[in-house]
Amino acid sequence: MSGRPLDVLEASLDALVTVHLKDGTIYHGVLAGYDQHMNLVLEGDDVGDVHGELDATAVQDTTIIRGDNVVTITT
Amino acid sequence: MSGRPLDVLEASLDALVTVHLKDGTIYHGVLAGYDQHMNLVLEGDDVGDVHGELDATAVQDTTIIRGDNVVTITT
Amino acid sequence: MSGRPLDVLEASLDALVTVHLKDGTIYHGVLAGYDQHMNLVLEGDDVGDVHGELDATAVQDTTIIRGDNVVTITT
Amino acid sequence: MSGRPLDVLEASLDALVTVHLKDGTIYHGVLAGYDQHMNLVLEGDDVGDVHGELDATAVQDTTIIRGDNVVTITT
Amino acid sequence: MSGRPLDVLEASLDALVTVHLKDGTIYHGVLAGYDQHMNLVLEGDDVGDVHGELDATAVQDTTIIRGDNVVTITT
Amino acid sequence: MSGRPLDVLEASLDALVTVHLKDGTIYHGVLAGYDQHMNLVLEGDDVGDVHGELDATAVQDTTIIRGDNVVTITT
Amino acid sequence: MSGRPLDVLEASLDALVTVHLKDGTIYHGVLAGYDQHMNLVLEGDDVGDVHGELDATAVQDTTIIRGDNVVTITT
C-alpha cells in the first residue's frame, strides 16, 4: 500500500476510504474512481460501517468530490 | 455508474444532480453539460422534485456553475 | 440551450444574463463577450429590466468581469 | 466596444477605466497597458476626473495591478 | 540531506517526517510516497514516537495528504 | 513608461518602487529584479527616502517578494 | 546579489535567510535548496544567530517549505 499518492488511490479502488475536506466535513464511502487532480468518486457502502469516525458522513449515492477541496484521504 | 469523475458526469447527463458549492449553497437540477474543469450546466426540472434535500435551490433557468466553486456533485 | 458551458455562453451572446460573484454581488446585463477562462464582457441593457432579481446591479457601461470571481451565470 | 475581454481591453488603451479589486479598493486611471493575465498598467489622468465614482482612488503615478486581484474593469 | 525540495523528500522515504498543514493540524508518520505536487503518503510508525511534537497526530492508517495543504515538512 | 506590465517592470529596474501586498504591508525599495510571475527582488535605497508613503517599510537587505502576494507596484 | 528572483536564491545557497510565510510565521535558517516554485529547504544554523529578528523560528532540522506559503525571503 506504499508508493506514490495516485498509486495508493489505485490500490484503494473498491475499498472504504475516509476523506477530510477543507470545510471540515468528512466523507466515508467506497472509492469508485479518481483522476490525476484527486477528484474522487465515492459510493455508498452496503454495510454502512464508519468504524469509529464519529463525525463522518456515510455516502449513500454516488458522490463526486472535486479534488481541490481534499485535505486527506485515509485508506 | 462507477469510474473516473468525468465518466460519472458523462453518465449523469440529463439526470437530476445535487451540487454543493464552497459558499454553502446547494443547487438541484438536470445536468445539461460539463467540461474538464467541472464547469457545469444545470437546467430546471419540470417535476421540481428536490427529494428530501431541504436547503437546495431548484434551478429554474439554464445555470452555468464555474467549476472552482464546486465541492461535491451527487447523482 | 443545452451543451458544454462555453457553448451555453456562445448561445447567450447578445442576451441578458445574471452573474453571481464570489463576493456576493450580482450583475445583470447583455453578454457581449467571453473567453475560455469565463472572463465576461457585459453591457448595459437599454430596457434596464432586471426581471425580479432585486439585488442585481444593472450594468450601465461596458464591464469586464474576471472569470475567477464568477460563481454562476444564469441565462 | 463589444467582443472578447482582451479585445475590450485593447480598445480601451489610453482611455479612462475604473478597476474594482477583491480587497474592495477601486482604482481610476488611464489604461496604459495589459497582458493576457489581465495584469494592468494604469497612469494618472491630467484632468483627474473620477466622474461620480466617489470611492475611487485616482492613480497619480504609473501603477501595475496584478491581474488576480481584479474583479471588474469598467470602461 | 541538502538539495532541492523533491530530492529531500526522496531521501526521506521510509523515515519519520512531521507535516504542518495550513489548517493548523500536524501529522507525524513514515513518508511512504510523494509526487511532484508534494502530495504525500504517510504511514503509521510502529514505535509511535512523536519526539516532543506535542500537538502532532500520529498517523495510524495509510494517509494521503494533498500537497496544496502543506506548509512545511520537517525531516 | 507605458506598455505591458512586464515592460514597465523592465523600465523600472534600478528605480524606486512601492509594492502593496495582499496582507496590507507595503514595501519600498530599489527594483533589482523580477520574473514573469511578478516575483520581485527589492534592495535597500541608500537615501532611504519613502517620499510620503507613511506606512511603507523601507527595504534594507535584499528581499524577494513572491509574486502571488502582490496587489500593486507603483513606479 | 541583484538579478532575477531565482538567481538571488541561487546566490543565497548556504547562506542564512529569513522567510516570512502567509500565516505570519517567520523561519530563519541556512538555505540548502530551492526549486522553480520557490519551494525551499532550510537547515539549522550551528551558530543559531537570528540577528535581531525577534519573532523568527530558528530552524533546527531540515525543513521543506512549500513555496505557495512564502511572502518574502530576505537574504
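Me: How many residues of chain A are in contact with how many residues of chain E?
Reply: In this predicted model, local features need pLDDT of at least 70 and side-chain atom pairs pLDDT 80 or more, whereas totals for chains, interfaces and linings use all residues. Residues are numbered from 1 along each chain as its sequence is written, chains are lettered from A and ligands numbered from 1 in the order in which they are written, and side-chain values use heavy atoms, with hydrogens and water left out. Taking contact as heavy atoms within 4.5 Å, the residues of chain A that touch chain E number 18, and their partners in chain E number 20.

Me: Which residues form the salt bridge between chain A and chain E, and how far apart are the closest N and O atoms?
Reply: A salt bridge requires a side-chain nitrogen of Lys or Arg within 4 Å of a carboxyl oxygen of Asp or Glu, and by this rule one is found across the interface. The pair is Asp68(E) and Lys22(A), with the closest N and O atoms at 2.5 Å.

Me: Is Ala32(E) buried or exposed?
Reply: Ala32(E) lies in strand E2 of chain E, residues 26-34, a strand being a DSSP run of E with at least two residues, numbered from the N terminus. Buried means under 20% relative accessible area, exposed over 50% and partly exposed in between, with a 1.4 Å probe and protein chains only. Because its relative accessibility is 11%, Ala32(E) counts as buried.

Technical notes: Helix = DSSP H or I, 4+ residues; strand = E, 2+ residues; numbered from the N terminus.
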